[in-house]
Amino acid sequence: MATGVLTPSASATARPDTVQRALNALVQTDGVPGALAGVTERNGRTRSYTAGPDVPRDGQVRIGSNTKMFTAVVVLQLVGEGKVGLDAKVETYLPGLVRGEGIDGRDITVRELLQHTSGLPEYEADVTDDILQRRYLEPRDLLDIAFRHKSDFSPGTSWAYSSTNYVLAGLIVQKVTGRPLGEQIDKRIIQPLGLRHTYFPAPGDMTIREPHPKGHDQRRDVTEIDPSAAWAAGQMISTNSDLNRFLTALLAGRLLPPAQLAQMRTTVPLGDTGAGYGLGLMSRPLSCGGVYWGHGGDIPGFETRGGVTDDGRAANIAVTVSPPDGATTKHLEQAVDTALCR
């Protein structure tokens, strides 16, 4: 693998390229402890970048809601196999489970789960302390927390991001296959693509297996947490290069039949941002024209952004902190744009 790495300690005579400068700015200007990036060119050449102290090249990070892409792919594979219906009601697979104020699984489709058009309330704000305190939560614990709140809107009438949707999607996978979600992701995606640095942590596993930077929640080290509160919506660990490989394979049709990939890429607009949300896959506009496809993820200690273009460019960038405001996230997304448009 050609790495072409330039780090802040590189010779002063070697002028850092635009991606390295963007990572340096995240550390020096935004104050993130560390940043790391993986970029794949159209010809398949890969480059890895780091900024900040003690950041291993292409180290493992918690990828947060990028996990949703993996969960959605498994659901869509089951759709292609005729085992799940995109427009079937959630009640079909999880009878009696989805109930609350304005909430009824008999009114919500699988498609609406994957596209965040179900109106189901978000649970994440209620479990941040549980994550930091390393408390283990079962998927049904997460639903109990979510369903204390009333629905945000009637199914299919609007869009609102909610990880509750993906907890249910993961439970549907388990109900239909009779196997754990992590096992299905490993069997159907990780092993076939040779994603050697990607995994779904086992229950109780609070570590990151391979070389990795430390994750921070402001000044606190939160590298070791119990990610069970994220589960199907955000539990996985990977590297920037593995995410690039996964997304490149996905867009190339190596994971889904054409019909299901087309459904995944059919988006609803996200306000006037130019971005759109498909079935576990987002499109974002590029300053150089066109769009890139990916997701992004946040979990205590790490934030990741990136994606791939239709012509084969790929970039993923992670920072080793939970950003305190939207400005750092915006700069992170601008760094992805820089990597894909250079």
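How far apart are the mean positions of the positive and negative charges of the protein? I looked this up for the 35 positive and 38 negative charges and got 6 Å. I counted Lys and Arg as positive, Asp and Glu as negative, and left out His and the chain ends. I placed each charge at NZ of Lys, CZ of Arg, CG of Asp or CD of Glu.

**Basis.** This is a predicted model, where local features need pLDDT of at least 70, side-chain atom pairs need 80 or more, and totals for chains, interfaces and linings use all residues. Residues are numbered from 1 along each chain as its sequence is written, and side-chain values use heavy atoms, without hydrogens and water.

**Whole protein.** I found 11 helices and 15 strands (DSSP runs numbered from the N terminus: H or I of at least four residues, E of at least two). The C-alpha trace spans about 65 × 45 × 40 Å along its principal axes. Of the 342 residues, 57% are buried (under 20% relative accessible area; exposed is over 50%, partly exposed in between; 1.4 Å probe, protein chains only).

**Contacts.** I took pairs at least 6 apart in sequence; 66% of their contacts join residues at least 24 apart (contact: heavy atoms within 4.5 Å).

**Arg135.** I located Arg135 in the loop between helix H4 (128-132) and helix H5 (139-146). Its relative accessible area is 43%, so I logged Arg135 as partly exposed. Leaving out residues up to four places away in sequence, Arg135 touches Asp130, Asp226 and Ser228. I also checked Ile225: its C-alpha lies 8.5 Å from that of Arg135, across 90 residues of sequence.
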